[in-house]
Amino acid sequence: MSAKLADTHIHLEQYDPQQAARMLSEFQDEGGAFVVAVSMNLESARRTEALAIQYPGVVRPAYGFHPEQPLPTPEEEEELFAWMEARAAIAAGDRPADAPTGEHVSPPRMTAVGEVGLPYYSRLEASERGESLDEDGYVRLLERFVAFAARYDLPIALHAVYEDADTACDLLERYGVERAHFHWFKGSEATVRRMIASGYRISFTPDLLYEKEIRDLARLYPETLVMSETDGPWPFEGPFAGRDTHPSMTADVCREWAQLRGLDESAARDILLDNARRFYALR
């Protein structure tokens, strides 16, 4: 089967290795071209890199620090950025000094910075407990990731919803970063219009089948600026209740998006896959 699907945001390293292997095989059998595997922190990034080495061309690695967790210590932050710099600077045939040892091991250049962003949900939970979060610390860290993406001309995968998306847009504009992917985005119409004007990408998860807010967004956002994702292993409801999240669920996303846009399903798959390939510079 020709490649027709892409999962542009999945936490692949959070799956059991045998489950990940099975899913990737099934995904390719069903027309999957590649997954963009994002990372939570340095240890997560190392596991993601190992998967990218094991499944070359299929697993495209992104490295960063997920914002819905406590900020890294200064030492952890410096170690992560040093590790990322080595991967961002890789050219054909190069090997970072800290690359895994072993025969024929050649770590790939990082595909993107991610997942990075701002702690919207953690902030809400802290507020409900009568506590506050160090928002300035998270904004400073995100700015450093945006500057990194600008320096190495890399796409950036963002966790930035509602009002946090405006802060992210401010930083992207400040550093001239145009290849920004707001995954599983939710936000105001004004923010949506701002993102569209800037050419920022969004992606739809399987909740496109049952969430009105996401369905309305899918009708509004331009066809050239959208992609498919699962954010696995995050579980979904509706027709996916009780099922492990699988990259092949992007087929359901494509099918539903096609119906919402009045497109042929095959054409919708072509559009979403081509959007992902162009955005992440993958062929």
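I count a residue as buried under 20% relative accessible area, exposed over 50%, and partly exposed in between, using a 1.4 Å probe on protein chains only. By that rule lysine 212 is exposed, because its relative accessible area is 58%.

**Ground rules**

I am reading a predicted model, where local features need pLDDT of at least 70, side-chain atom pairs count only at pLDDT 80 or more, and totals for chains, interfaces and linings use all residues. I number residues from 1 along each chain as its sequence is written, and side-chain values use heavy atoms, with hydrogens and water left out. Helices (H or I, at least four residues) and strands (E, at least two) are DSSP runs, numbered from the N terminus.

**Entry: lysine 212 and its partner**

I placed lysine 212 in helix H8, residues 212-220. Which residue does lysine 212 bridge to? I found aspartate 216, with the closest N and O atoms 2.6 Å apart. A salt bridge here is a side-chain nitrogen of Lys or Arg within 4 Å of a carboxyl oxygen of Asp or Glu. The two side chains are also listed as a polar contact of 2.6 Å. For that term I need a pair of N or O atoms within 3.5 Å; within protein, one must be able to donate a hydrogen and the other to accept it, and residues adjacent in sequence count only if both atoms are side-chain atoms. Aspartate 216 and lysine 212 are about one helical turn apart, because four residues separate them in H8. Aspartate 216 is partly exposed, since its relative accessible area is 32%.

**Entry: other salt bridges**

My search of the whole structure gave 27 salt bridges. In one of them, arginine 193 meets glutamate 189 at 3.6 Å, N to O. These two are also four residues apart, in helix H7, and so about one helical turn separates them. Arginine 193 is partly exposed at 45%; glutamate 189 counts as exposed at 53%. I also noted a network of salt bridges linking Glu77, Glu78, Arg140 and Arg144.

**Entry: aspartate 153**

I looked up aspartate 153 in the loop between H5 and strand E5 (156-159). Its phi is near 50 degrees, a positive value in a residue other than glycine. Aspartate 153 is exposed, because its relative accessible area is 57%. It forms a salt bridge with arginine 179, the closest N and O atoms being 3.9 Å apart. This pair links distant parts of the chain, 26 residues apart, with arginine 179 in the loop between helix H6 (163-175) and E6. Arginine 179 counts as partly exposed at 23%.

**Entry: tryptophan 184**

I found another positive phi, near 45 degrees, at tryptophan 184. Its loop runs between strand E6 (180-183) and helix H7 (189-198). Is tryptophan 184 buried or exposed? I have it as buried, because its relative accessible area is 13%.

**Entry: glutamate 115**

I traced glutamate 115 to strand E4, residues 112-117. Glutamate 115 is buried yet has no salt bridge. The nearest side chain of opposite charge is lysine 186, 9.3 Å away. In that check Lys and Arg count as positive and Asp and Glu as negative; His and the chain ends are not counted. Which side chains make polar contacts with glutamate 115? I found histidine 66 at 3.3 Å and histidine 183 at 2.9 Å. Contact in the wider sense means heavy atoms within 4.5 Å. Leaving out residues up to four places away in sequence, glutamate 115 touches, among others, His9, His11, Val38, Pro67 and His159.

I logged a further cis peptide bond between glycine 232 and proline 233, with omega about 10 degrees. Proline 233 lies in the loop between strand E8 (226-228) and helix H9 (250-261).

**Entry: nonpolar cores**

A nonpolar core is a set of buried Ala, Val, Leu, Ile, Met, Phe, Trp, Tyr and Cys residues joined through side-chain atoms within 4.5 Å. I counted 69 residues in the largest, and those with the most contacts inside it include Leu12, Val113 and Phe145. Helix H5 (residues 135-152) gives the most to this core, with eight residues. Apart from it I found another core of 14 residues, among them Phe34, Val36, Tyr280 and Leu282. Phenylalanine 145 touches Leu80, Met84 and Ile156, among others, not counting residues up to four places away in sequence.
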